[in-house]
Amino acid sequence: MTTTKIDEAIERYVNERRKSEQKVAESKFLSFTYLACGESDVKTFMLRSRSLIRYYIDFLSVLENPLRGPQAGWLALMVIVFSFGIFMLTDEDMRIAGIFITSGTAVNGISLWRSVIDKWVETSVTIAMYREIIELIDSTLSSEC
C-alpha cells in the first residue's frame with residue numbers, strides 16, 4: 001500500500017462527492033479501499049488515510065489560506081493605491097489622474113477580492129469533504145472493532 005493509492009482514493013471520493021451525494025461517494029470510497037488493498041490491510045489503509053487527510057487539512061487551512069498568501073499583499077497594496085487616488089481627488093490639478101487611479105484600483109480590487117473569496121470557498125469545501133472522509137473512516141473502524 002502506497003501513498004499514491006491513498007491519494008487516489010481520496011481524490012476519487014472528492015470527485016464523486018462533487019458530482020453526487022455523500023452516500024454514493026462513501027460506498028465508492030469503501031469499495032476502492034477494499035479493491036486497492038484487500039480485506040487484510042483495510043484497517044492499516046484506513047489509519048494511513050486518516051493521518052494523511054489530517055495532514056492535508058492542516059496544510060490547506062494554514063498554507064493554502066488565500067488571506068495569508070500573496071493575494072493579501074496585493075489587496076493591501078490596492079487599499080494603499082486607492083487611498084492615494086482618493087487623496088489625488090482632493091487636489092484640483094490631480095483630479096483626473098485621481099479618477100483614473102481610483103476607478104482602476106476599485107475594479108482590480110473587486111476582481112482580486114472575488115478570486116480570493118472563490119479560492120477560500122473552494123478550500124473550505126475541500127476541507128469539509130476531507131472531514132467527511134475522516135468521519136467515514138472513524139465509523140468504519142469503530143464498527144470493525
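**A walk through the helices and their aromatic rings**

Let's start with the rings: Tyr-55, Tyr-56, Phe-59 and Tyr-130 are linked into a cluster by ring pairs. Keep in mind that you are looking at a predicted model. Its pLDDT averages 88 over the protein, and 98% of the residues score at least 70. Confidence is highest in helix H4 (residues 70-90), with a mean of 91, and lowest in helix H2 (residues 22-37), where the mean is 86.

Now for the ring geometry. A pair of aromatic rings is described by how far apart the centres lie and by the angle between the planes. The structure has 5 aromatic pairs. In one of them, Tyr-55 and Tyr-56, the planes meet at 50° and the centres are 6.0 Å apart, so this pair is tilted. Phe-84 and Phe-87 make another tilted pair, with 6.3 Å from centre to centre and 35° between the planes. These two phenylalanines sit 3 residues apart in helix H4, so about one helical turn separates them. Phe-84 has a relative accessible area of 46%, which means that it is partly exposed, as this value falls between the 20% and 50% limits.

The largest nonpolar core holds 24 residues, and Ile-10, Phe-29, Ile-53, Tyr-130, Ile-133 and Ile-137 have the most contacts inside it. Helices H1 (3-19), H2, H3 (42-62) and H5 (95-144) each give two or more residues to this core. H5 supplies the largest share, with 8 residues. For a close-up, pick Ile-137: beyond its neighbours within four places in sequence, it is in contact with Phe-29, Met-46, Ser-49, Arg-50 and Ile-53.

Next, take a look at how H1 and H3 meet. Their axes are 10 Å apart and they pack at an angle of about 70°. That angle lies in the range from 65 to 115 degrees, so the two helices are roughly perpendicular to each other. On the H1 side, the contact is made by Thr-3, Lys-5, Ile-6, Asp-7, Ala-9 and Ile-10. H3 brings Phe-45, Arg-48, Ser-49, Leu-52, Ile-53 and Tyr-56 to this contact.

Our last stop is Glu-132, which is found in helix H5. Is this residue buried or exposed? Glu-132 has a relative accessible area of 15%, under the 20% limit, so it counts as buried. Leaving out residues up to four places away in sequence, Glu-132 touches Tyr-13, Arg-17 and Gln-22.

How values were computed. Residues are numbered from 1 along each chain as its sequence is written. This is a predicted model: local features need pLDDT of at least 70, side-chain atom pairs count only at pLDDT 80 or more; totals for chains, interfaces and linings use all residues. Side-chain values use heavy atoms; hydrogens and water are left out. pLDDT is the predictor's confidence in each residue, from 0 to 100. Helices (H or I, at least four residues) and strands (E, at least two) are DSSP runs, numbered from the N terminus. A nonpolar core is a set of buried Ala, Val, Leu, Ile, Met, Phe, Trp, Tyr and Cys residues joined through side-chain atoms within 4.5 Å. Buried means under 20% relative accessible area, exposed over 50%, partly exposed in between (1.4 Å probe, protein chains only). Contact means heavy atoms within 4.5 Å. Rings of Phe, Tyr and Trp (its six-membered ring) pair if their centres lie within 6.5 Å; planes under 30 degrees apart count as stacked, over 60 as edge-to-face and the rest as tilted. Axes are lines fitted to C-alpha atoms, for helices over the stretch in contact, and angles run from 0 to 180 degrees between N-to-C directions. Angles under 35 degrees count as roughly parallel, over 145 as roughly antiparallel, 65 to 115 as roughly perpendicular and the rest as oblique.
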